[in-house]
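Please look at the model below with its two ligands in view.

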Amino acid sequence: MMGVEFLEIIDLDDARRITGELFSELYSQGTESVDILDADGRVLADDIESPVDLPPFDRASRDGYAVRAADTFGADEENPATLRCIETVEAGSVPSLEVAEGLCTRISTGAPVPEGADAVVMVEYTWEEVDRVYIQRPAYPSQHIAARGSDIRAGNVLLRTGTVLSPDKIAALSAAGITRVNVISKPSVCVISTGNELIEPSGQLEPGKIFDSNSAGLSSALKEAGCSVKHGGIVRDDYGELRDAILRGLEEADMVITSGGTSAGAGDILSEVLDELGRVVIHGISIKPGKPTIVGVVDDKIVVGLPGFPVSALIVFMSLIEPFIRKLSGRKASSGHVKTLKLAERLHSSRGRVHYALVMVDGDYARPIFKDSGAVAALAGADGYIEVPKNVEIINEGEEVEVVLFENR
Ligand SMILES: Nc1nc2c(c(=O)[nH]1)N[C@H]1C(S)=C(S)[C@@H](COP(=O)(O)OP(=O)(O)OC[C@H]3O[C@@H](n4cnc5c(N)ncnc54)[C@H](O)[C@@H]3O)O[C@H]1N2
Ligand code: MOO
């Protein structure tokens, strides 16, 4: 079959709509159970109720004496309240005696408060002689006691569906005695770089060659979006090699993302491969950079062909693919990382194409970076990009722009 030789350029909005439809048609969220020690960054698939009260018992939050507050009213340094100490309760043990009027219990932080006591006096405000304890300050009821269930009651929701597990959440689960949780499965994505000029970054540069930066960059972006990544490695500009690599990728992953080999050059064979194995759904979007982007379907799985240029590859991924991947992996579509800033320098854009302009953030200003799509070091120095709408040709210095930030997503 003949390949798609001429790009049929479609609008970004249409590309987004079509890509979104493919994602909904072909994928649905899976869930799996994981140990909380391996759950960092995972997304909860269920609401989680606390099976226990937290704290599980009325607990002293200071070292000192458990008392009846009323016994200490009016106490000061001159006229201390005098109590008789009946036992010592360390953290981890349980009291055996009730604190009746005129009595107290020596207590450690974290230990259960004995029956009868309703306050803890810090040891700093007491002194002890023989079995007498002198209290120099009055205590109020509930002082330095964390009541049973005051943090959360058994049966109440501790964490909600969709929560991204971070250290604080994982600590709370452990506190409730929960060691396994159901989380949304990570979509698995195979990343393939294509091009005869590419060398593994661990290798030696040779004349005419460059290190493959798209594999590592895209892999990092995919992990950030909640995916597990399979490395398909570097594939030469060879029809059979690319075809086999894509088939291998589809066997072990839910999706394949390639970079390079998308445009109309002699070695640009991806669209032909996809045409043979399945279908090309998109080839050409009116965006700059990223015009030759390909989206195809093979064996009911999406294959994305990103342009080879590192800036194009990463920005097209972020702008077109990432939001759908994040939705699939249970994450918010990276809202909250857009910042309104003033443009520091006039920016020209080409009419009829959405233009992604890299910028550095400088206080309240966004300073455009005028480098080409191959400038990967400039990309590393950028803080984000502006998506200049297709009908805008010039943005003047000082005009407000929305910057999509690379960090704080
Ligand atoms: N005659 C035409 N030439 C080009 C067109 C066009 O429409 N007609 N489009 C240009 C545009 S726009 C882009 S974008 C590129 C995209 O082409 P490919 O996707 O086929 O990418 P390559 O040609 O393979 O590579 C472009 C550039 O990027 C470097 N590259 C590729 N892969 C990697 C990688 N994994 N790591 C680092 N750098 C990579 C590659 O060496 C090239 O310098 O085509 C234009 N040409
Ligand atoms: O469309 Mo290309 O992606 O200009 O760099």
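A polar side-chain atom of Asp212 lies 2.8 Å from a nitrogen atom of ligand 1, a polar contact being a pair of N or O atoms within 3.5 Å, where, within protein, one must be able to donate a hydrogen and the other to accept it, and residues adjacent in sequence count only if both atoms are side-chain atoms. This is a predicted model, in which local features need pLDDT of at least 70 and side-chain atom pairs count only at pLDDT 80 or more, while totals for chains, interfaces and linings use all residues. Residues are numbered from 1 along each chain as its sequence is written, chains are lettered from A and ligands numbered from 1 in the order in which they are written, and side-chain values use heavy atoms, with hydrogens and water left out.

**Contacts of the two ligands**

| Residue and part | Ligand atom | Distance |
|---|---|---|
| Asp212, side chain | nitrogen of ligand 1 | 2.8 Å |
| Asn214, side chain | nitrogen of ligand 1 | 3.4 Å |
| Lys291, side chain | oxygen of ligand 1 | 3.5 Å |
| Gly290, backbone | oxygen of ligand 2 | 2.4 Å |
| Lys291, backbone | oxygen of ligand 2 | 2.9 Å |
| Ser312, side chain | oxygen of ligand 2 | 2.8 Å |

On its own, ligand 1 has 870 Å² of accessible area, of which the protein covers 70%; such areas come from the Shrake-Rupley method with a 1.4 Å probe, and for residues only the protein chains shown count as cover. Strand E13 (188-194) and strand E15 (210-211) are the elements that give two or more residues to the shell around ligand 1, where helices (H or I, at least four residues) and strands (E, at least two) are DSSP runs numbered from the N terminus. There are 21 residues around ligand 1, and Glu197, Asp212, Ser213, Thr262 and Gly308 come nearest, a residue being near a molecule or strand if one of its heavy atoms lies within 4 Å of it. By class, this shell holds seven nonpolar, ten polar and four charged residues; Ala, Val, Leu, Ile, Met, Phe, Trp, Tyr, Cys and Pro count as nonpolar, Asp, Glu, Lys and Arg as charged, and the others, Gly among them, as polar.

Which residues surround ligand 2? They are Pro289, Gly290, Lys291, Pro292, Pro307, Phe309, Ser312, Arg353 and Ser373, and they divide into four nonpolar, three polar and two charged.

**Pocket and cavity**

Rolling a probe the size of a water molecule over the atoms shows where empty space is left. On a 1 Å grid over the protein atoms alone, a cavity is a set of points where a 1.4 Å probe fits but cannot get out, a pocket is an open set with protein on both sides within 12 Å along at least five of seven lines, and lining residues have an atom within 4 Å of a point.

At least two lining residues come from each of E13, E15, helix H6 (310-328), strand E23 (347-348) and strand E24 (354-362), and the largest share, four residues, is that of E24.

A search of the whole structure finds one cavity of 30 Å³ or more. Ten residues line the largest cavity, of which Thr194, Asp237, Leu242, Gly261 and Ile269 lie nearest its centre.

**Backbone points**

Most residues other than glycine have a negative phi, and most peptide bonds are trans. The peptide bond from Lys288 to Pro289 is cis, with omega near -5°, and Pro289 is placed in the loop between strand E19 (287-288) and strand E20 (294-298). Pro289 is also among the residues that surround ligand 2.

Notes. Grid points are joined across faces, edges and corners, and a volume is the space filled by probe spheres set on the points.
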